[in-house]
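Biologist: Hello, and thanks for joining me. Could we talk through a model together, one feature at a time?

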Amino acid sequence: MRARRLTFLLLVLATMAGLTTWLAMVFTPRGLTVAELILVLLFALNTPWLAIGLWNAVIGVVLTRLGPDWLHRVLPISGLNRDGTCVDDGPLTTRTAVVMPVRNENPDAVFARLGAVAASLEATGHAEGFVLFLLSDSSRPDIAAEEERLCAGWRARPGLPLHYHRRPVNHRYKAGNIEEFCDRAGDGFDHMVLLDADSLMSGAAIVRLVRLMQANPQLGILQSLVTGLPSLSPFCRLFQFGMRHGMRAYTTGSAWWQGDQGPYWGHNAIVRMEPFRRACRLPRLSGSPPLGGEILSHDQVEAVLMRRAGYEVRVLPIEDGSFEENPPTLREFIRRDLRWCQGNLQYLRLLSMPGIRLLGRIQLVLAILMYTAAPVWYCFMAVGITDSALTAAAGADIAVRRQMVVGLFVTVVLMNFAPKILGVTDVLLRPGERARYGGTAVLLWGAVLELVFSVLLTPALALAQTIFMAGLCTGRRITWEAQGRSQRELSTGEAARALWPHPLAGLGLAGALAGFAPDFLLWGAPVFTGLLLAVPIAVVTSWRRPGRFLARSGWCAVPEEIDPPDAVEWAGFRILAAAPPIPGREAV
């Protein structure tokens with residue numbers, strides 16, 4: 001692992017140095033001004049995230065192309081076959097709690113997913129080793145009453161038991177809900193499988209996680225690779241199609257060098273109960289919210305604490321039986337993203353936490369860099385336009401500079417989208433995988449459509465993050481409420497109220513480029529176009545008709561839409577336009 005991490009570090013440092021030097025060379029013929037020095041520093045701040053994303057994806061794709069033993073290179077643990085199945089297929093020897101914390105979620109949707117999980121576990125023949133728990137923090141009386149009614153109906157039927165517990169006070173948010181469960185009921189279980197309200201896991205996937213924990217007592221957390229569920233929402237389809245390819249390559253590469261200090265996303269994972277109870281209780285941050293107080297993004301902190309306790313944290317980077325439902329609209333996506341933004345920025349106060357390993361501190365830094373990149377890029381553009389205006393006023397010849405900047409811009413864009421591009425390439429190189437996505441032509445059309453969507457979406461998300469982070473400096477914060485998961489069409493007024501700064505910023509950026517840096521107007525077009533079109537993109541990608549068209553054409557379809565597994569069907573995620581109902585098969 002030391003050799004792998006050193007290799008990865010050298011690749012990242014060399015890439016960072018090359019990119020930063022490239023930009024510095026643009027200015028060196030006449031010396032660096034103060035503005036240009038600021039540009040180089042701002043650019044250098046964002047190179048780590050670019051370099052890490054690139055090399056994670058490259059390593060991930062190379063590993064999967066090296067042969068059937070790639071999984072053992074990435075996840076060297078006992079009891080795992082090269083195809084992702086378990087060596088042991090005997091009875092389970094441990095007890096596992098399957099836990100879903102919720103707060104003001106749609107009870108019908110929650111129980112549909114839990115019902116599918118229960119039915120799938122029963123189909124494995126190992127249901128006796130599991131107990132389901134619904135941990136409610138719901139504050140709305142109507143939702144709480146419906147949860148209790150549906151739970152009573154569950155208890156009236158035979159099968160896997162479901163225990164329901166509701167807290168009257170949402171103390172310490174989701175992490176506090178889980179901590180209280182562990183204190184109350186943890187003695188009766190060896191492991192805990194955590195599900196979010198939008199999670200779905202097949203029984204086979206859960207049983208595999210348990211078997212691997214049984215075979216590897218050093219494992220504290222084993223995270224499964226989570227993929228998106230089939231959806232008719234155009235926004236959701238486009239987003240998760242690209243995310244699926246990027247995450248597969250990225251996660252495989254990162255697992256290769258992170259090894260026993262891997263990621264934890266807080267759901268669709270299994271944890272070892274005893275060390276989790278003992279070592280993973282979250283500290284309360286000094287200071288007041290939004291960056292002080294209770295920790296919102298608990299997952300990566302728990303992973304760092306588990307590793308500090310001497311247990312491994314690993315990821316199983318295969319797409320098999322672990323799903324989540326992504327936000328159906330741009331507005332809901334931004335709401336979720338900004339909650340994560342606030343939670344990740346709280347890690348600034350944890351970097352000096354005693355006892356955690358160096359790689360743990362690096363992971364906390366990377367989680368912070370996910371969101372600092374947006375304001376840094378916008379500051380970079382603002383300083384760059386100002387410098388171009390001053391340079392033009394001085395009558396300087398910038399023809400050579402223009403060519404170098406354009407080349408650097410294209411390189412950065414390609415690096416930013418490298419995980420998705422390499423992920424799609426990996427699928428294209430495997431005939432079986434191409435067929436799972438509906439064939440080569442359908443896959444390519446979907447990839448092109450998603451790439452255009454991402455190019456336009458990225459500047460809109462970055463501006464939302466930038467505005468939000470500026471608000472955090474004045475004490476603005478987001479409350480952690482239920483995510484809107486049902487597909488509904490956004491009106492133009494709703495989208496405009498949520499995104500009104502975006503077209504104004506787009507007009508300002510386009511005007512500034514036209515007036516002070518016209519040579520870069522074409523290259524800045526994707527940024528200001530994405531901002532100008534943010535409102536219509538939010539509206540159109542919420543419409544049902546484009547979603548039905550995409551489903552009929554098969555574009556941006558995930559494999560579970562084309563050939564739905566039982567758990568996906570039982571939870572009600574069959575997309576009828578793409579896959580006709582199977583006679584005789586009923587949903588739970």
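**Backbone, helices and sheet**

Modeller: Gladly, and let me begin with Arg172, which is buried, with a relative accessible area of 15% (buried means under 20%, exposed over 50%, partly exposed in between, using a 1.4 Å probe and protein chains only). This is a predicted model, where local features need pLDDT of at least 70, side-chain atom pairs count only at pLDDT 80 or more, and totals for chains, interfaces and linings use all residues. Residues are numbered from 1 along each chain as its sequence is written, and side-chain values use heavy atoms, with hydrogens and water left out.

Biologist: What is the phi of Arg172?

Modeller: Most residues other than glycine have a negative phi. Arg172 is found in the loop between strand S3 (162–166) and helix H6 (173–185); helices (H or I, at least four residues) and strands (E, at least two) are DSSP runs, numbered from the N terminus. Although Arg172 is not a glycine, its phi is positive, at about 60 degrees.

Biologist: Is Asn268 buried or exposed?

Modeller: Asn268 sits in the loop between helix H8 (234–258) and strand S8 (269–272). Its phi is positive too, near 55 degrees, in a residue other than glycine. With a relative accessible area of 0%, Asn268 is buried.

Biologist: Which residue does a cis peptide bond join to Pro289?

Modeller: Most peptide bonds are trans. Here omega is about 15 degrees.

Biologist: How are H4 and H5 oriented to each other?

Modeller: The axes of H4 (residues 107–124) and H5 (residues 141–155) come within 10 Å and cross at roughly 30 degrees. Axes are lines fitted to C-alpha atoms, for helices over the stretch in contact, and angles run from 0 to 180 degrees between N-to-C directions. Angles under 35 degrees count as roughly parallel, over 145 as roughly antiparallel, 65 to 115 as roughly perpendicular and the rest as oblique. H4 and H5 are therefore roughly parallel.

Biologist: What is the bridge partner of Met201 in S10?

Modeller: An open sheet of three strands has the order S5-S10-S7, with mixed pairing (two strands pair if DSSP finds at least two bridges between them). S5 and S10 (residues 322–324) run antiparallel and are joined by three bridges. In S10, Met201 has as its bridge partner Ser322.
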